[in-house]
Amino acid sequence: MRAEQISVFLENKAGRLAEVAAILTEADVNIRALALADTSDFGVLRLIVNDNQKAIQALKNRGFTVSKTDVVAVEVEDRPGGLNRILDILHQAGINVEYMYAFVQHSGKNAVMIFKIDAIDEAIKLLQKNNVTVIEGSKVYTM
Amino acid sequence: MILDIGFETMPREDLEAIILRRLKATINRVYANVPFYRKKFEENHIMPKDIKSLEDLKQIPFTTKADLRDNYPFGMFAVPMDNVVRIHASSGTTGQPTAVGYTARDINTWAELMARALAAGGATRGDIIHNAYGYGLFTGGLGVHYGAEKLGASVIPVSGGNTKRQIIIMKDFGPTILAATPSYTLHLAEVAEEMGVSFHDLKFKFGIFGAEPWSENMRQEIEHKLNITAVDIYGLSEIMGPGVAIECHEAKKGLHIFEDHFIPEIIDPETEEVLPYGETGELVFTTITKEAFPVIRYRTRDITSLNPEPCICGRTHIRMNRVTGRTDDMLIIRGVNVFPSQIESVLMEMDEVEPYYQLVVDREGNLDTLTVLVEVGERLFSDEVKVLQNMERKISNNIKEYLGVSAKVKLVEPKVIARSQGKAVRVIDNRKI
Ligand SMILES: [Zn+2]
């Protein structure tokens, strides 16, 4: 039930983000979700794309440092408290969320969020037990 | 393999007798033929006949890079241009270049010493040598080339640059010895990896690396990545070119100086006092067989120490330790002496860090600031910002701990730090003093 995210190291200067987008477009890769975490000097760009292999190869060829990370894609009910409920479930089990970001696409009437969690398998089981929909990786890439 | 058993393993007593005889002849020749030296000797009331022992060399004043520049291009040549068959020039990294000349006999001596050096580094006549040192005014390419031919090995004169083609040649020709600068070697390893070529599938056995300071850690990295034995070679155009000193592959612990041709000394760069064996200071050379361009007590600005202990390889020639920096590379940051090679050692001790770094020195108000740019490779990278920030802190703490200087560490994308085909640009000093 895991999904794979690719992470890219970027220096914090104008045009780097646009360059990544251009390289992926050129390689015929679609970006499904994207989040940038940055400091004054550098940033880490996190991406969910439709073709990981192609994206990684294209970025590496252009000299970027790229890695793959396992994440979880979860449906979040599109109503007040939807996200809180999920965070509560994880928090009470003592599971730490490293970061999260929203998916561009909706799944039906629900929003989709990506979570980076250390105890990933434990978290997936726990969420499913609490009737939270965890989306299969293969489905995430083509949403 | 020891190529010249007679000279390379000669008992010290006999060797020193030859050195003295050759020194006296050189002093006579420069006094007679080079106005610069005659004037210097006369100003210091020294006559060639005053040099009776090796100890007497200390009376003679030093020759500096500035002296060579003042006499640019040919003012220091000791033979008429008719007898000069080759001219090389050193890169003018600190301003005007300097020119050096060779007679036919000098070229032959150089080839012999370079052949000795290649043999000490593991090469035999059956080897194929991939020579990636630059051919041209720089002495690296042609120096190694002539030595390889003198040894009887096959040499591929590939020179620097066009890295992808170099990897293809390595695959097709199967060279067994690599001669290159250490920084270019790591670049070769990187490009090979990008091309899906593993050095473990190539035929290399030994590598002979020099022309820039490198560290023991860098040696381990190169040996590991290229699956070879790596030795250090030393030389500079003012003395001859590559092949002034070489590490034997048996010990890999310091470079044997070909003392039957060059006399080394170590001095304190500030006081100019000659230091005893083992102490670190500036390396000074006197050439004792060069015809066209002899130099007397030339200050190389390279920082090292001398080790007179016998070596397991059987050579009796003294060893110089790895050059750890240059007197003119030395940065003084808030009163602390810092050599780029020391920063490199700190970085290389950390498994996650690639050996690509650059030091940027600025002055903010009256305060010097040191920024260390470190490339983020796959081993260092994390998708979590706080892991990267911790790494910046860890590098900074290690630098503070080992060198006693505060540095800001900045992570940068790969290849931001200029990968020169020859020497890597390690320091950018923006201070206007
Ligand atoms: Zn030895």
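In the predicted model, chain B and chain A bury about 1,800 Å² between them, with carbon and sulfur atoms giving 54% of that area. Buried area here is the accessible area, taken with a 1.4 Å probe, that two parts lose on being put together, summed over both. On the side of chain B, B:F381, B:D383 and B:E413 lose the most area to chain A, and together they make up 40% of what that side buries. The contact draws 24 residues from chain A and 19 residues from chain B, contact meaning heavy atoms within 4.5 Å. This is a predicted model, in which local features need pLDDT of at least 70 and side-chain atom pairs count only at pLDDT 80 or more, while totals for chains, interfaces and linings use all residues. Residues are numbered from 1 along each chain as its sequence is written, chains are lettered from A and ligands numbered from 1 in the order in which they are written, and side-chain values use heavy atoms, with hydrogens and water left out.

Between chain B and chain A there are 6 salt bridges, a salt bridge being a side-chain nitrogen of Lys or Arg within 4 Å of a carboxyl oxygen of Asp or Glu. B:D383 forms a salt bridge with A:K116, and the closest N and O atoms are 3.0 Å apart. In chain B, the elements that give two or more residues to the side touching chain A are α11 (385-403) and β20 (408-412). Helices (H or I, at least four residues) and strands (E, at least two) are DSSP runs, numbered from the N terminus. The largest share of this side, 5 residues, comes from α11(B). By type, the residues of the side of chain B that touches chain A divide into 8 nonpolar, 3 polar and 8 charged. Ala, Val, Leu, Ile, Met, Phe, Trp, Tyr, Cys and Pro count as nonpolar, Asp, Glu, Lys and Arg as charged, and the others, Gly among them, as polar.

Within chain B, B:I296 lies in the loop between β11 (281-287) and β12 (298-304). B:I296 counts as buried because its relative accessibility is 0%; buried means under 20% relative accessible area, exposed over 50% and partly exposed in between (1.4 Å probe, protein chains only). B:I296 and B:F62 are 234 residues apart in sequence, yet their C-alpha atoms are 6.9 Å apart in space. Apart from residues up to four places away in sequence, B:I296 touches residues including B:V30, B:Y37, B:F62 and B:F285. In helix α5(B), 13 of the 17 residues are buried, so the helix is largely enclosed by the rest of the structure. Just after α5(B), B:G122 takes a positive phi of about 115°.

Chain A has 5 helices and 7 strands, and buried residues make up 50% of its 143 residues. Of the contacts in chain A with a separation of 6 or more, 71% are between residues 24 or more positions apart. In helix α4 (residues 120-129) of chain A, the buried residues are A:I120, A:A123, A:I124, A:L126 and A:L127. These buried residues pack against β4 (66-76), α3 (82-92), β6 (110-117) and β7 (134-135) of chain A. Strand β6 of chain A contains A:N110, which counts as buried at 14% relative accessibility.
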